[in-house]
Amino acid sequence: MLKNFAKPGPKIDVIDRRCFVRSAASIAGLIAGFFSGYGPGVGIPSALAQSSDAMPFERTPHFKDAYAQLLAGATPTEGKIILELPEVAENGNLVPITIAIDSPMTPVEHVKAIHILASGNPVARVATFQLTPLNGIARIQSRMRLARSQDVVVVAQLSSGEMTVATMTVKVALGGCQT
Amino acid sequence: MASNPRIKLPDIAKIGDVIEVKTLITHVMETGNRKDKDGNPIGRNIINTMTAKFGHEEVFRADLGPGISANPYISFQMRVLGPGVFEFAWIDDDGVKLVETAALNVVA
């Protein structure tokens with residue numbers, strides 16, 4: 001065991017360290033956010049806590065491509081999808097997600113497909129669910145991986161051709177590294 | 001290699017109700033982005049497709065990527081029109097298909 005440990009491990013060490021640093025940074029951010037909830041006087045400059053809150057998470061070019069490809073030029077509507085995700089995920093390897101869309105699910109008017117995109121994962125397209133009127137209610141649940149804190153974007157395709165989206169930011173304490 | 005598929009349906013469903021169908025299967029969902037301890041890449045092996053049929057008609061389908069957690073759990077809803085048998089199939093990157101059936105018990 002010790003011998004193995006002493007061997008100069010190549011690239012994986014670098015990746016693991018990067019992962020670790022990122023996780024540590026996000027945990028620090030979470031702790032700062034937690035304390036900021038107690039208001040001023042705790043000793044953490046509130047500007048610092050706020051700046052990490054306000055900072056948008058960088059979206060990968062891969063995600064932007066996948067998103068544009070899904071929409072195919074259409075302008076999506078918003079506010080029709082109920083997206084349930086934890087605000088803070090302790091374990092990025094197992095993040096529960098629930099997606100519901102208010103639809104009568106009749107042959108005339110139903111949800112055809114629901115796509116989950118992760119803006120900060122190495123592979124942006126997480127899953128596509130294809131529904132039929134027989135589902136009765138457009139509501140699905142699954143569990144996903146998040147490599148780091150990021151926006152999760154859900155795109156739903158309705159039978160009318162309308163595309164509708166919902167976005168939620170999830171802070172990840174321990175990243176599902178290399179997902 | 002997928003194993004141990006589990007399906008959860010209500011014990012008894014009423015015609016006209018909408019029920020929740022829960023599915024779970026054991027699978028590593030290897031992303032293809034990881035490396036082993038010698039630095040060699042570990043090849044991707046995930047369940048890429050899950051389908052649900054009811055009475056030989058496809059009612060639900062999931063195309064999965066590496067962003068789905070190991071041991072994929074998927075639940076969806078189903079309108080009860082009558083008794084019948086669900087047939088679920090999971091297909092992984094090696095092309096291995098695992099099929100499981102579950103009967104839906106219905107009262108009028």
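Strands here are DSSP runs of E with at least two residues, helices are DSSP runs of H or I with at least four, and both are numbered from the N terminus.

The model is predicted: local features need pLDDT of at least 70, side-chain atom pairs count only at pLDDT 80 or more, and totals for chains, interfaces and linings use all residues. Residues are numbered from 1 along each chain as its sequence is written, while chains are lettered from A and ligands numbered from 1 in the order in which they are written. The predictor assigns the complex an ipTM of 0.94 and a pTM of 0.80. For chain B the average pLDDT is 95, and 100% of its residues score at least 70.

Chain B contains 0 helices and 9 strands. Its pattern along the sequence is β-β-β-β-β-β-β-β-β. Its C-alpha atoms fill a box of roughly 60 × 20 × 20 Å along the principal axes. Of its 108 residues, 30% count as buried. A residue is buried if 20 or more other C-beta atoms lie within 10 Å of its own, exposed if 12 or fewer do, and partly exposed in between, with C-beta atoms placed from the backbone. Contacts were also examined by sequence separation. Two residues are in contact if their C-beta atoms, placed from the backbone, lie within 7 Å. Among contacts in chain B with a separation of 6 or more, 60% join residues 24 or more positions apart.

Strand pairing was examined next. Two strands pair if DSSP finds at least two bridges between them. Strands of a sheet pair through backbone hydrogen bonds, either parallel or antiparallel. In chain B, strand β4 (residues 47-54) and β7(B) are antiparallel and share 7 bridges. Strand β5 (residues 57-64) of chain B runs antiparallel to β4(B), with 6 bridges between them. These two strands, β4(B) and β5(B), form a hairpin with 2 residues between them. In its turn, B:G55 has a positive phi of about 60 degrees.

On the other side of the account stands β8(B). Strand β7 (residues 84-92) and strand β8 (residues 97-104) of chain B run antiparallel and are joined by 8 bridges. Here B:F86 stands opposite B:A102. A hairpin is formed by β7(B) and β8(B), with 4 residues between them. B:G95 in that turn has a positive phi of about 85 degrees.

Within chain A, β2(A) and strand β4 (residues 95-101) are antiparallel over 4 bridges. A:I82 stands opposite A:A100 there. Between the chains, β7(A) and strand β6 (residues 73-79) of chain B run antiparallel, joined by 2 bridges. A:S142 has B:I74 as its bridge partner.

How many residues of chain A are in contact with chain B? The number is 31, and they meet 26 residues of chain B. Elements giving two or more residues to this side of chain A are α2 (11-36), β6 (125-131) and β7 (138-144). β6(A) gives the most, with 7 residues. The chain A side divides into 14 nonpolar, 12 polar and 5 charged residues. Ala, Val, Leu, Ile, Met, Phe, Trp, Tyr, Cys and Pro count as nonpolar, Asp, Glu, Lys and Arg as charged, and the others, Gly among them, as polar.

A:F57 lies in the loop between α3 (46-54) and α4 (61-71) of chain A. A:F57 is partly exposed because 13 other C-beta atoms lie within 10 Å. Its C-alpha atom is separated by 7.9 Å from that of A:G120, 63 residues apart along the chain.

Technical notes
pLDDT = per-residue confidence, 0-100.
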